Amino acid sequence: MTIRAHNICTSISRATISLLVLLLWPVAGSAQKLFLLEKDSIPLMRGFQVSFDLVGVAQLMFSDYGQYEGALRLNLHDQWFPIVEVGYGKAERIDDVVTGMSYKTQAPYFKAGVDFNLLKKKHQKNRLFAGFRYAYTSYKVDVWCRDLEDPAWKWPVSFDVRDVACSQHWLEAVMGVDAQVFGPLHLGWSVRYRRRLKNDEGIIGKTWYVPGFGVSDSSNFGATFNVIIDI
Amino acid sequence: MVAAALLACACSSIDCPVQNKVRAVYSIRNAATNAADTLRDSLSVRSKRADRTDTLLLNTSSKVVQFSVLMSYTQPEDTLFFYFRNGAYHATDTVWLKKDDMPHFESVDCKATYFHRLTAVRSTHHAIDSITINNPTVSYDDSSTQHLYLYLKSHN
């Protein structure tokens, strides 16, 4: 039987989801009213926003993995924001000091979804939004291990698997804010809860880092810090 | 932003399987009824290492209905020596276990290992009557899956 360590991140995830459900419960009652487009003189098409995430870049700088991610978001009446996110995820750990394992992958990923502005006064420059994303990536993995020895027989063993084809579909629940700094420039945060829908991890059993999704066995939560420009 | 990135990186765990040995489970069976039986002799299992010294894979097991033995990572055939003892009685059999090996990866934080698919088994017949494959897929230690049925000869 495989027993897995229960980690603190799982507990934090559950507590946060419970809190979100409690916070959003009153909203559910008046959901129909909330999601209808407001009737006023503001036109439906309010322009586009392009954004770039800086957390993924910082992850690349300070760890073995991370991603470059940009997004194009359509503003419908300051209320609905259909969005497409495109990124390029990378992971490279060579010769782990404990296990001797090496892992390498890099691939693009795509996300599409919609954000909804939760603020009562929608036509202001700052926004609080909730939304979701559907995401997909197809990637190849190289895994190898130096100095692997059979623990009982003591034979040197080769462990070198290249170009293992993998793919993953997942969903993200998003909550975030963005605030106008000056002119068309906004800065914003988002917190994301990721849930794997379907995955193919090839012939090697599991994959460690999935481009756009992150490390498989870590917390399901992620965050972005976005530089946003109104177009 | 840097703090968020560090937090995102830090909030991970090493999630390696606790039972990370890959062992074949041998079930003692009664040759007449094919029902589970008990090992009446004491049994040790050894093999030869790369440097030709002995490695002990099972240390004197007795009165059990099943036992498990480690499998080699990538040798195409494991050669195992089964030593049976019961008072003055002793017998030695050799078991040859052929297999296909599949590299298995969990995480960069976990040691690499190999899973196996048993393809053939044969033995000498001093104490062993016969040995057959019941379930060919061998992965992490799982005592509920019996991979091999071991039928022993009776002796006084």
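1. In this predicted model, six strands of chain B form an open sheet in the order β3-β2-β5-β6-β7-β9, and their pairing is antiparallel. The edges of the sheet are taken by β3 (54-61) and β9 (137-138) of chain B; each has a single partner strand, so one side of each is left without a neighbour in the sheet.

2. Within this sheet, the pairing of β2 with β5 may be followed residue by residue. Strand β2 (residues 42-48) of chain B runs antiparallel to strand β5 (residues 77-86) of chain B, and five bridges join the two. B:Leu43 is found opposite B:Phe84 of β5(B).

3. What is B:Leu80 in contact with, leaving aside its neighbours within four places in sequence? Its partners are B:Val45, B:Ser47, B:Leu57, B:Val69, B:Val95 and B:Leu97.

4. B:Leu80 also belongs to the largest nonpolar core, a group of 52 residues. Those with the most contacts inside this core are B:Leu80 itself, B:Val69, B:Leu148, A:Tyr103 and A:Tyr209. The element that gives the most to the core is strand β5 (residues 127-149) of chain A, with seven residues. As a general background, nonpolar side chains tend to be buried together in soluble globular proteins.

5. The secondary structure of the two chains is as follows. Chain B has one helix and 10 strands; its helix comes at the start of the series, counted from the N terminus, and the strands follow. Chain A has three helices and 10 strands. Its elements, from the N terminus on, run α-α-β-α-β-β-β-β-β-β-β-β-β.

6. In chain B, buried residues make up 31% of 156. Among contacts between residues at least 6 apart in sequence, those joining residues at least 24 apart account for 63% in chain A and for 53% in chain B.

7. Which stretch of chain A has pLDDT under 50? The stretch is residues 1-6, for which the model has 10 contacts beyond four places in sequence. Where pLDDT is low, the predicted coordinates should not be read in detail. For chain A as a whole, the mean pLDDT is 86, and 84% of the residues reach 70 or more.

Methods: Residues numbered from 1 in each chain as written. Chains lettered and ligands numbered in written order. Predicted model: local features only at pLDDT ≥ 70, side-chain atom pairs only at ≥ 80, totals over all residues. Pairing = 2+ DSSP bridges. Helix = DSSP H or I, 4+ residues; strand = E, 2+ residues; numbered from the N terminus. Contact = placed C-beta atoms within 7 Å. pLDDT = per-residue confidence, 0-100. Core = buried A, V, L, I, M, F, W, Y, C linked by C-beta atoms within 7 Å. Buried ≥ 20, exposed ≤ 12 C-beta atoms within 10 Å, placed from the backbone.
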